[in-house]
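Subject: Structure handover

Hello,

Here is the structure I said I would pass on. My notes follow below it.

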Amino acid sequence: MAEYRLEMRDVSKAFPGVQALDRAQLKLRPGSVHALMGENGAGKSTLMKCMFGIYKMDSGEIYYEGEKVSITDPMDALKRGIAMVHQELQPVPERSVAENIFIGRYPTKRWLGVISTIDHEKMFKDTEALLKEVRMSFDPKAKLGTLSVSQMQLVEIAKAVSADCKVLILDEPTSSLTSNEVEALFLIIEDLKAKGVSIIYISHKMDEILKISDEVTIMRDGAYIGTWDAKELTTDMIITRMVGRELTNLFPKRENEPGEVVLEVKDFTSINPKSFRDVNFTLRKGEILGVGGLVGAQRTELMEGLFGIRSHTTGEVIINGESLDVRRPRDTIRKGTALLTEDRRQSGVMGVLSVEDNVAIASLNRFIKWGIMLDGKKIRELVSDNVAKLSIKTPGLKTQIQSLSGGNQQKVLISRWLANNPDIFILDEPTRGIDVGAKYEIYCIIADLAKQGKSIVMISSELSELIGMSDRIMVMCDGRVTGFVDGKDANEENLMTLATQFS
Amino acid sequence: MELNKNKSIGRFLEGNAMVILMVLVAIVVGILRPNFISGANFNNLSVNTAVRFIIALGVSGCLITKGTDLSAGRMVGIGACVSATLLQKADYTDKFFPGLGNLPIVAVLLIAVLICVVFGIINGCVISFLKVPPFIATLGMQTLIYGICLVYTGAKPIGGLRSDYTQIANGKLLENTASPIQIPYLLIIAIVCGGLMYFLYNKTRHGKHMYAIGGNETAAEVSGINVGFRKILIYALAAALYALAGFLLAAKSGGTSVNMGQGYELEAIAACTIGGVSVNGGVGRVSGILLGVLVFELLKISLQFMGVETSYTYIVQGLVIVVAVALDLRKYLAKK
């Protein structure tokens, strides 16, 4: 028996214009959790895709159970017992949970010895057993689309587990899980570990890493930095090694002074009875209002309601003393409001469009000359200004936004709204899926905006972020506001108490 | 270094596959059939391309916003029929409106455009407000317009068009002069349309909004873009272009019938796709559309010159659509 279940040696991979992996390494022990860490763009996902046969590496070797192997495609990887839960889910929402789990390898039965059909009974029964094994209790016949995002993620994990794997790659598995679900996932991981499965765990959440992993490998700019025993590491040490410099402060110093009330929301209630209801709050000029709560607390829905993406039945929105009939995003945008949506890919980024177009799209009205033509020169000025100000790393203004990293895409979207010069800026999970260095930069942008007198509403599921950045924190649970906590008095306990009031 | 060089040549070939293919076809046919490269043939090609280009320009907006317009061909047909019925010779025996005097040509064009724009607006509204997928909405419109056109013309062919009308499609700038270069009016009209659409797509808010909707409709809505209104505009403008194309086609043929324009929408969609308008939305340039139409027309004329029977040309055209798009997609696939 080899010491390592799987070993990757000197793996290099280049894409046009970028060396994604530069002699990267990974040594995976049987029955252990191995965290893979690094900033976005450090090459973690690329390395995993090489292991899983999605990418072909330019050079390097993979040893699996002591033998040199070449993994040609994902099917090959699965056959060898390597399974991967992708960061971006690839579900078939219109089909059942069971079908999603057994997709591509449905159990079959034979009729009259010739006609082979799918054995639904067995499939549903197996699914039920499997779900039980991973401590989940959904109806195997339920359409996947009726589940929440976090439940879908758990199904995806169950699917990987069902493949009877020896190596399981989890790429950001907890990004949309509630803390209860994270606990459940950790129990599953412990079970798997006991069975001898090697788990590769990719995450940006330090506390999770330190809690669950046995070993930590850190990568930077496609290169291998080192592997350490998780017990020897602290958050600071990991961050220092990831970014290659000391990060003294996780959050910037804030110098904003909350002033008069700019936004008042009264008895705001959704058209959907299960969503937000009777919401009352105010927002001051130059204030950062954090919005906390568990996944499913309807925070996003509330903000989208205020912005005019979702409908409401009753309630009043008063911006700068003026009552506003919110119907569509245009109504609120005209009043100087901006919303950075939670799901960048789904409702933010226009992938095939250039960085320039993505920045300018919400503020084109300001650049019309002679009644019809756009002033290309002024637009370029604005865009290059923003790119410089937010230090967006892009090869050029004409580059397609989809080729940038998550953090840079987020900055492009922020500058899309900054170009509109809003007074009220609603940020929904502004740092989700963004690496540590870029996170700090986004915090600085937020703090700076507040200092300039902009009012900020920031939804976040990371308690440390809420506590570190907010003047005041509004906590929601089950569609209702359960309380406000002053930023200075906030701690994990009082926030969690409010967030779980009705559950 | 050597490897890099090969790679960049490969990339160049891939990126310009269509242009290279076109030039090659022209050279080969030119060698085999010397009168292929002649003024008359160029004239023929440019006139054929001109009308198809105008139709393709119309469809392109729909495609860029992830839609489509299957009613294009029938709109061309009704545009042609309306124009022709109103512009017959005063002394023509089988006149559609026997008592009708000589209407100003511009007025007739406007009437044809107006009628089609109404259909285009209906298309846009059905797509924007009733949320009917464009494929289905315009499929319904296709049949509906055909029916209206049948009722209107009584399925009778319409001929005897006024010569000042037919002259628009068949005349040339500097015709009957000593000038060696005579430019067909159709070519000029197509160039003007192309120029206007280029301006619209690249220099105006409408264009930017159109690309944004194609790039990510939800994000566009969230950014404050009036998606519904833009789509209605796009489908209405497309209809106006179809009407113009119909008006020109009737003039070019010297007559028309309800079958005018049948199937043109598919040719236009194919040409756009060959020209790099992405079916995934958000991508497409006027120059690409022109190229796509040119490839198609050049191919047709080449096959004609080579004496290939018309039935076979369809087989070749079908192959070219698939091969061209597959080649084009390689540009994106290669990056993975």
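This is a predicted model: local features need pLDDT of at least 70, side-chain atom pairs count only at pLDDT 80 or more; totals for chains, interfaces and linings use all residues.

Helix pair in chain B

Helix H2 (residues 17-32) and helix H13 (residues 286-305) of chain B have axes that come within 10 Å and cross at roughly 20 degrees. H2(B) and H13(B) are therefore roughly parallel to each other. The crossing in which H2(B) passes H13(B) is left-handed. On the H2(B) side the contact is made by B:Met18, B:Val19, B:Met22, B:Val25, B:Ala26 and B:Val29. Their counterparts in H13(B) are B:Leu291, B:Leu294, B:Val295, B:Leu298, B:Ser302 and B:Phe305. Sorted by type, the residues of this contact are eleven nonpolar, one polar and no charged.

Six-stranded sheet in chain A

Chain A has an open sheet of six strands with mixed pairing, in the order E18-E21-E22-E15-E23-E24. Strands E18 (337-340) and E24 (480-486) of chain A each have a single partner strand, so one side of each is left without a neighbour in the sheet. On average, neighbouring strands here are turned by 20 degrees against each other, direction ignored.

Strand E23 (residues 472-477) of chain A runs antiparallel to E24(A), and six bridges join the two. In this pairing A:Arg472 stands opposite A:Asp486 in E24(A).

Helix H17 (residues 492-499) of chain A lies across E23 and E24 of chain A, at about 35 degrees to E23(A).

Aromatic pairs

Over all chains there are nine aromatic pairs. In one of them, the rings of A:Phe307 and A:Trp417 have centres 6.0 Å apart and planes at 90 degrees, so the pair is edge-to-face. A:Phe307 lies in helix H9 and A:Trp417 in helix H14 (residues 406-418) of chain A, so the pair ties together parts that are 110 residues apart in sequence.

Four-stranded sheet in chain A

Another open sheet in chain A has four strands in the order E14-E13-E16-E17, with antiparallel pairing. Its edges are E14 (279-284) and E17 (322-324). Neighbouring strands of this sheet are turned by 15 degrees against each other on average, direction ignored. Three bridges pair E16 (residues 312-319) of chain A with E17(A), and A:Ile318 stands opposite A:Ser323 in E17(A).

Regards

Notes: Residues are numbered from 1 along each chain as its sequence is written. Chains are lettered from A and ligands numbered from 1 in the order in which they are written. Side-chain values use heavy atoms; hydrogens and water are left out. Two strands pair if DSSP finds at least two bridges between them. Axes are lines fitted to C-alpha atoms, for helices over the stretch in contact, and angles run from 0 to 180 degrees between N-to-C directions. Contact means heavy atoms within 4.5 Å. Angles under 35 degrees count as roughly parallel, over 145 as roughly antiparallel, 65 to 115 as roughly perpendicular and the rest as oblique. A crossing is left-handed if the near helix is turned anticlockwise from the far one by less than a right angle, and right-handed if clockwise. Ala, Val, Leu, Ile, Met, Phe, Trp, Tyr, Cys and Pro count as nonpolar, Asp, Glu, Lys and Arg as charged, and the others, Gly among them, as polar. Rings of Phe, Tyr and Trp (its six-membered ring) pair if their centres lie within 6.5 Å; planes under 30 degrees apart count as stacked, over 60 as edge-to-face and the rest as tilted.
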